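Dear colleague,

Please find below the sequence and structure that I am handing over to you. My findings follow directly after them.

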Amino acid sequence: MGLKKKVNKHIEAPLLNILKKYANTDSVRFHMPGHKARAAGHIFEEFKENLFKWDVTEIPGMDDLHQPRGPIKRAQEKLAELYGADKSFFLVNGATSGVAAMMGAAIAPDDEILISRASHRSVLSGLIITGGRPVYVMPERWQELGVYTQVNSKSVAEALEQNPKIKAVLLTNPVYQGFCPDLGAISKLVRSSNKILLVDEAHGPHFGFNSGLPMCAGKVADAWVQSPHKMLTSFTQSAWLHVKGNKIDKNRLQDFLRLVTTTSPSYILMASLDVSRAVMELDGKALVKRALALADKARYDINKFTPFYCVGPEVKGKNGIYDIDLSRLMVNVSQAGYTGYQVEKILRKRFKIYAEYADLYNIYFLITFSNNSRDINRLIKALSALKARTKIPKSIIWPDKLPKKALEPKAAFYSIGEDVPLKQSLGRVIKEALVPYPPGVPLLMPGEIMEKEHIEVLTALLKSGGCCQGVTSEGFIRVVSNA
């Protein structure tokens with residue numbers, strides 16, 4: 001008791017304090033994680049009661065994540081059964097570790113890999129670890145909404161024809177906005193050229209549970225990664241990796257998983273993955289149907305009762321969009337005279353509504369079966385309180401061509417670097433990736449050359465209130481020395 005009093009009295013914990021403050025706010029959560037701070041059944045209630053009791057390590061009887069023989073092995077087998085995989089793996093270092101591991105299993109140093117430029121930055125980690133040589137394919141743009149969309153099958157076909165040494169193809173399904181490529185058509189191209197198909201499906205663990213959702217990568221991919229913490233109910237940082245067929249060396253895959261995974265895996269995270277799987281196995285179709293119904297209502301009401309436009313199924317087949325995840329709400333606000341940053345701040349400050357994220361022209365909300373009708377009603381009421389203003393001009397034109405390359409990503413990563421002001425970086429070779437938010441697509445990857453249009457785009461983005469990973473608050477970027 002004395003120790004407890006002493007800790008409570010003298011401890012200074014800024015992170016704990018901000019978490020407690022947010023938890024005690026009457027907030028509406030349209031962001032990750034998918035559980036929205038609501039327990040999905042009595043099992044998750046048990047997590048709260050037993051958090052410290054269940055936080056154990058790999059003692060006898062608890063199995064070993066890196067060489068499972070008992071309960072972890074059985075839990076992963078049940079996961080593979082649910083998603084139609086030959087083998088599935090729990091990930092406790094996020095989907096990022098899964099992306100790097102499946103890249104490592106598919107390619108060797110100096111192998112070429114075709115990558116959509118609309119990829120998560122975890123792909124860069126995979127390139128550095130493997131020493132792979134990226135062949136990029138640009139996604140199409142939707143200039144009116146200010147975002148990149150998806151790569152089309154024609155671009156993939158051209159890249160495969162022009163680069164016959166490509167060993168694997170890595171796609172993202174879906175991208176942050178919910179846009180999906182034509183996996184069926186692209187998989188046929190990959191198969192016909194005897195390549196390996198990898199899919200980052202971090203945002204699509206609910207695919208396959210409803211015919212109104214896009215195709216699950218498991219139908220066509222050799223390996224795919226999913227993040228159930230994003231759209232299902234597991235805890236943040238938990239994910240899973242699936243593999244099917246004989247094109248992926250499963251032993252090599254496990255070697256890479258050991259390389260990128262902690263030797264002290266969290267049993268809390270693994271248990272949440274197991275329970276998330278169990279929930280979907282038991283009632284997944286009904287739960288996803290409920291989430292889609294909530295999203296459909298929100299989309300209809302936003303388009304009918306507010307000055308904003310919520311993207312829907314009408315975009316299929318346009319601007320590189322083959323399919324779309326309708327459980328995600330992409331709301332364009334620029335045509336009504338607002339920036340996404342302005343609306344995000346208004347919702348957060350005035351209405352205690354927390355979006356997933358915002359860009360210059362849009363704001364995004366993730367709808368899962370852990371949301372409810374009250375959440376949707378509060379969102380519609382808040383958005384309808386905003387009145388239309390003068391349309392915001394399109395001040396940023398995203399590049400539609402690939403940058404020039406001086407070095408491969410791994411070589412740039414291991415080069416000596418220096419910090420220079422963004423405005424004085426013309427012609428320099430980038431050492432640290434520059435990833436603007438919006439749109440979350442790398443503007444420049446390590447080893448690529450800064451050109452005038454890149455400086456103009458980044459300057460306009462930062463001036464408008466956006467941010468870019470790789471640009472410091474003082475306006476400096478990291479470049480390769482003497483290059």
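For the charge count that follows, Lys and Arg are taken as positive and Asp and Glu as negative, while His and the chain ends are left out. On this basis the protein chain carries 65 positive and 47 negative side chains. The centres of the two sets lie 6 Å apart. Please bear in mind that this is a predicted model.

Overall fold

The protein chain contains 15 helices and 21 strands. Along its principal axes, the C-alpha trace spans about 60 × 55 × 50 Å. For 483 residues, a compact globule would have a radius of gyration near 23 Å, and the protein chain agrees with this, having 23 Å. Of the 483 residues, 56% are buried. Among contacts with a separation of 6 or more, 72% are accounted for by residues 24 or more positions apart. The accessible surface of the protein chain amounts to about 21,400 Å², and carbon and sulfur atoms contribute 54% of that surface.

Cysteines

A disulfide is a covalent bond between the sulfur atoms of two cysteines. The criterion applied here is a pair of cysteine sulfur atoms within 2.5 Å. By this rule, the count is zero disulfides. Cys180 is in no disulfide, and the nearest cysteine sulfur, which belongs to Cys216, is 11 Å away. Cys180 counts as buried because its relative accessibility is 1%, the cut-off for buried being under 20%. For Cys467, the closest cysteine sulfur is that of Cys468, at 7.6 Å, and this is too far for a bond. Cys467 is partly exposed, as its relative accessible area is 44%.

Asp274

One further residue may be of interest to you. Asp274 is located in helix 11, which covers residues 267-305. With a relative accessibility of 26%, Asp274 counts as partly exposed, since that class lies between the cut-offs of 20% and 50%. Which residues does Asp274 touch, not counting those up to four places away in sequence? They are Ala75 and Phe90. Phe90 is 184 residues from Asp274 along the chain, yet the C-alpha atoms of the two are separated by 8.7 Å.

With kind regards

Definitions and conventions
Residues are numbered from 1 along each chain as its sequence is written. This is a predicted model: local features need pLDDT of at least 70, side-chain atom pairs count only at pLDDT 80 or more; totals for chains, interfaces and linings use all residues. Side-chain values use heavy atoms; hydrogens and water are left out. Buried means under 20% relative accessible area, exposed over 50%, partly exposed in between (1.4 Å probe, protein chains only). Helices (H or I, at least four residues) and strands (E, at least two) are DSSP runs, numbered from the N terminus. The radius of gyration is taken over C-alpha atoms; the globule rule is 2.2 Å times the number of residues to the power 0.38. Contact means heavy atoms within 4.5 Å. Accessible areas come from the Shrake-Rupley method with a 1.4 Å probe; for residues, only the protein chains shown count as cover. The place of a charge is taken as NZ of Lys, CZ of Arg, CG of Asp or CD of Glu.
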